[in-house]
Amino acid sequence: MNPEPQPEPAVEYVRLDVQDRIATVTIDRQEKLNALNPDVIRELGEAFDDLRDREDVGAVVLTGAGEKSFVAGADIGVLAEMDSLTGVEVSRQGQEVFRAIETFPRPVIAAVGGFALGGGCELAMCCHLRVASDNAVFGLPEVGLGIIPGYGGTIRLARLVGLGRALELTLTGMKIDAAAAERMGLVNRVTTREELPEAARKLAGKIARNGPVALQKALEAIYHGIDTSTAEAMNFESSLFGLLASTDDMREGMTAFLEKRRPEFRGS
Ligand code: COA
């Protein structure tokens, strides 16, 4: 008699941990340097979905497990099998999850401790800020594989570092170290590998002390602003500025300043 078919065990490549209002999302597929296969991408999307409505989370740190790699790119084994239709699907699936991170209503900080290549560099770029360890390596090597970056890298890199540098990095596929990435504005700060988790958490903590609604609206205003005309962006900024005047957080922030104490924001 054949045994009953057992359900496939759930693959778990992404861990979620919340402490002191800081969520840490960790990609853990160390045997492949945390390369992004469809399961990793799906689980990453699920982790951010789970976090979206959690009011006990003020900021998120996104990182890779192990000492060597943040994410070494999309899984080349999977990419090697794609045809035109699945290629579009692969790109769209990644773009959708990365966009959900970029539009996440609380600040997301990438803690990059090692390789951030291809999809890994693109993942770091869809986060709002990047802290890197001094052993980090960034690059978009896709053209060397006969493809282009497909998770938003052709758009976000130029916005972060300017057209000239984005063209150079994309067309050569060259790798750069953390110091060079910091000089060109691709990362916000560099630390040692040992201190990276704490440095990222510290930055997240500093941000999460501020008014949650104000943080969300600041993100919306900035990302809307880079996608639209100056006049339209100014209108949008004024609307959000006015909207914040109706929040308890604004009253609390200003009262706390006048009373010379730290504000206690409630996110409303
Ligand atoms: N996709 C699939 N597997 C990957 C991978 C990727 N993007 N990056 C690394 N791996 C795998 C390797 O194949 C190897 O697997 P194996 O042990 O089963 O052979 C394992 O991860 C360790 O990588 P390895 O190459 O042995 O480590 P290394 O220290 O010598 O080199 C890199 C590290 C990052 C320089 C190298 O792995 C590399 O160039 N990776 C691809 C980077 C890339 O082009 N990314 C963009 C993809 S679009």
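A crossing of two helices is left-handed if the near helix is turned anticlockwise from the far one by less than a right angle, and right-handed if clockwise. The legends below apply this and other terms to a predicted model, in which local features need pLDDT of at least 70, side-chain atom pairs count only at pLDDT 80 or more, and totals for chains, interfaces and linings use all residues. Residues are numbered from 1 along each chain as its sequence is written, and side-chain values use heavy atoms, with hydrogens and water left out.

**View 1. Helix H4 packs against helix H5 at an angle of about 55 degrees.** Helices (H or I, at least four residues) and strands (E, at least two) are DSSP runs, numbered from the N terminus. H4 covers residues 119-126 and H5 covers residues 153-161, and their axes are 10 Å apart. Axes are lines fitted to C-alpha atoms, for helices over the stretch in contact, and angles run from 0 to 180 degrees between N-to-C directions. H4 and H5 are therefore oblique to each other; angles under 35 degrees count as roughly parallel, over 145 as roughly antiparallel, 65 to 115 as roughly perpendicular and the rest as oblique. The crossing of H4 past H5 is left-handed. On the H4 side the contact is made by Glu-122, Met-125 and Cys-126, and on the H5 side by Gly-153, Arg-156, Leu-157 and Leu-160. Contact means heavy atoms within 4.5 Å.

**View 2. Helix H3 packs against H4 at an angle of about 30 degrees.** H3 spans residues 84-102, and the axes of H3 and H4 are 8 Å apart. The two helices are therefore roughly parallel to each other. H3 contributes Phe-98, Ile-101 and Glu-102 to the contact, and H4 contributes Gly-119, Glu-122, Leu-123 and Cys-126. Glu-122 and Cys-126 of H4 are also among the residues in the contact with H5.

**View 3. Ile-41 is a buried residue of helix H1.** H1 runs over residues 38-52. The relative accessible area of Ile-41 is 1%, where buried means under 20%, exposed over 50% and partly exposed in between (1.4 Å probe, protein chains only). Not counting residues up to four places away in sequence, Ile-41 touches Leu-36, Gln-93, Gly-94, Val-97, Phe-98 and Tyr-151. Between Ile-41 and Val-97 the C-alpha to C-alpha distance is 7.1 Å, and the two residues are 56 residues apart in sequence.

**View 4. Asp-249 is buried and has no salt bridge.** Asp-249 belongs to helix H11, residues 248-258. A salt bridge is a side-chain nitrogen of Lys or Arg within 4 Å of a carboxyl oxygen of Asp or Glu. For Asp-249, the nearest side chain of opposite charge is that of Arg-266, 7.2 Å away; Lys and Arg count as positive and Asp and Glu as negative, while His and the chain ends are not counted. Leaving aside neighbours within four places in sequence, Asp-249 is in contact with Gly-211, Pro-212, Val-213, Phe-265, Arg-266, Gly-267 and Ser-268.

**View 5. Arg-15 and Asp-28 form a salt bridge.** The closest N and O atoms of this pair are 2.5 Å apart. Arg-15 lies in strand S1 and Asp-28 in the loop between S2 and H1, so the pair ties together parts that are 13 residues apart in sequence. Arg-15 is partly exposed at 44% relative accessibility, and Asp-28 is partly exposed at 22%. The structure holds 13 salt bridges.

**View 6. Asp-39, Arg-42 and Glu-46 are linked in a network of salt bridges.** Arg-42 is partly exposed, with a relative accessible area of 35%, and Asp-39 is partly exposed, with 27%.

**View 7. Arg-21 and Asn-34 have positive phi values.** Most residues other than glycine have a negative phi. Phi is near 70 degrees in Arg-21 and near 65 degrees in Asn-34. Arg-21 sits in the loop between strand S1 (14-19) and strand S2 (22-27), and Asn-34 in the loop between S2 and H1. Arg-21 is partly exposed, with a relative accessible area of 34%, whereas Asn-34 is buried at 0% relative accessibility.
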